[in-house]
Amino acid sequence: MIRAARVVLAFAVAASAGRAAYAQAAPDLDPKIVQLVAQVSQERLTATLKQLETFGTRHTMSSTDSATRGIGAARRWIFDEFRSFSPRLQVGFDTYVIAKQGRITRDTEARNVMAVLPGRSPRRVYISGHYDSRSADVLDAGAAAPGVNDDGSGVALTLELARVFSQSGVEFDATLVFMCHVAEEQGLMGAKLHAQRAKEQHVVIDAVLNNDIVGNDRGGNGIVDGESIRVYSEGPEDSPSRELARYVQRWGMRYVPSHRVRLMARPDRFSRAGDHTGYNQYGFPAVGFRESRENFTRQHDARDTFEGLSPAYLAQNARVNAAAAATLALAPERPVVTNDRGQATIDGQPSGYDAHLRWKASPGATAYRVFWREAWGPDWQHDVLVGNVTELTLQNTLIDDLVFGVAAVDALGHESIVSPYIAPPSTAVDAGDIKTVPAR
Ligand SMILES: [Zn+2]
């Protein structure tokens, strides 16, 4: 139970320490982000979906020679499309040669298509989809596989946000990466290979917003829902991906209140996976956007055509992505809430029954927002904006019963992902560590 008097005291402490931050406190909505979200064009999305359909198939092992059909024509078109948006975008192929294995029936050159919009900082925020497609027979590289929803929808969204962000004139702190993966249908190969390379090169990836099957609002069972999107994230409950999911809901729904973000406390749909899983496997925070009502008969099938899409729905999903990615890319880095030994900097001092939180200052932050919730619950329940301070004490507040986190906020109100105070897992100690005296 939080005693109101103590919270009031916390505000008083913050106000005296951070009056300058309050004096320039900004409204919750940044006009620049409102403008970005408004620039998302349903017509542009429609044109991209129709173009992707014309390639007939985008199977990872389909033709690379044809100018009009297959994976080669598709990747060249995506590359050129990125290039046409803005000279600020650095466009390239992220290329691998995958040896014959599993669903790859011969050595195959695989190219992710990526566009980088450099920010002040090298830390990266990804918006992604996969441009390869498949038919019912995953080994048949020649069969019709229009893949307009799976995952033309994610590719159209990624291209549209690359256009809007790169043409906005906004200078972001984070570097934005617009990524169209390949070989998803062969086992998330394009995403895994890229994530592995990023890890080897010590690339900092703050977030991956992966969109796969996000363009249809009519379920195969006849139920229609064009007003919500599912976001899946790997646990446990305060994992980096879960914090990213909460962030997407918080900021996506602030800028797009007409669209509901439904968080799902599991890595993906039941027994299924997507490219975000590949990033998770290399330790990067990543979430998967999935339409609320799927039509399974149109997936991995010649019937996955434009006629099964709702561009208005896809546009709403693109706006949610835009709001979350822009806020994150403009915000300071999240605060560090651990000491040099990796232990959470939270304790019960001074009384032993208080909540005493400390964090390291984030460059560019002018204030911090402290969040908490009961220890049995998925969503942050309370938050307070404190000034430009690096510690907070809440008296008579047991840290055993609440989960705490803190986000960095800049002078324009851009807020980072929340850094939660979590204890390391207890698996390090087991009965094998206990010395026992042999029985006589
Ligand atoms: Zn897919």
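This is a predicted model: local features need pLDDT of at least 70, side-chain atom pairs count only at pLDDT 80 or more; totals for chains, interfaces and linings use all residues.
Domains to begin with. The assignment gives two for the protein chain. Domain 1 comes in two stretches, 4–28 and 333–428. Domain 2 runs through 40–330. Their C-alpha centres are 34 Å apart. Where they touch, domain 1 supplies 12 residues and domain 2 supplies 13. Look at the domain 1 side of that contact. By class, seven residues there are nonpolar, two are polar and three are charged.

Now to the helices. Take α8, residues 240–255, and α10, residues 311–330. Their axes come within 8 Å and cross at roughly 115 degrees. Angles of 65 to 115 degrees count as roughly perpendicular, so α8 is roughly perpendicular to α10. The crossing is right-handed.

Which residues of α8 and α10 meet? From α8, we have Tyr 247, Val 248, Trp 251, Gly 252 and Tyr 255. From α10, we have Val 320, Ala 323, Ala 324, Thr 327 and Leu 328. Eight residues in this contact are nonpolar, two are polar and none is charged.

Last, the strands. Three of them make an open sheet, ordered β9-β10-β13, with antiparallel pairing. At the edges sit β9, residues 346–347, and β13, residues 391–394. Each edge strand pairs on one side only. How many bridges join β9 and β10? Two, in the antiparallel sense, with β10 spanning residues 355–358.

Conventions: Residues are numbered from 1 along each chain as its sequence is written. Axes are lines fitted to C-alpha atoms, for helices over the stretch in contact, and angles run from 0 to 180 degrees between N-to-C directions. Helices (H or I, at least four residues) and strands (E, at least two) are DSSP runs, numbered from the N terminus. Angles under 35 degrees count as roughly parallel, over 145 as roughly antiparallel, 65 to 115 as roughly perpendicular and the rest as oblique. A crossing is left-handed if the near helix is turned anticlockwise from the far one by less than a right angle, and right-handed if clockwise. Two residues are in contact if their C-beta atoms, placed from the backbone, lie within 7 Å. Ala, Val, Leu, Ile, Met, Phe, Trp, Tyr, Cys and Pro count as nonpolar, Asp, Glu, Lys and Arg as charged, and the others, Gly among them, as polar. Two strands pair if DSSP finds at least two bridges between them. Domain bounds come from an automatic or database domain assignment.
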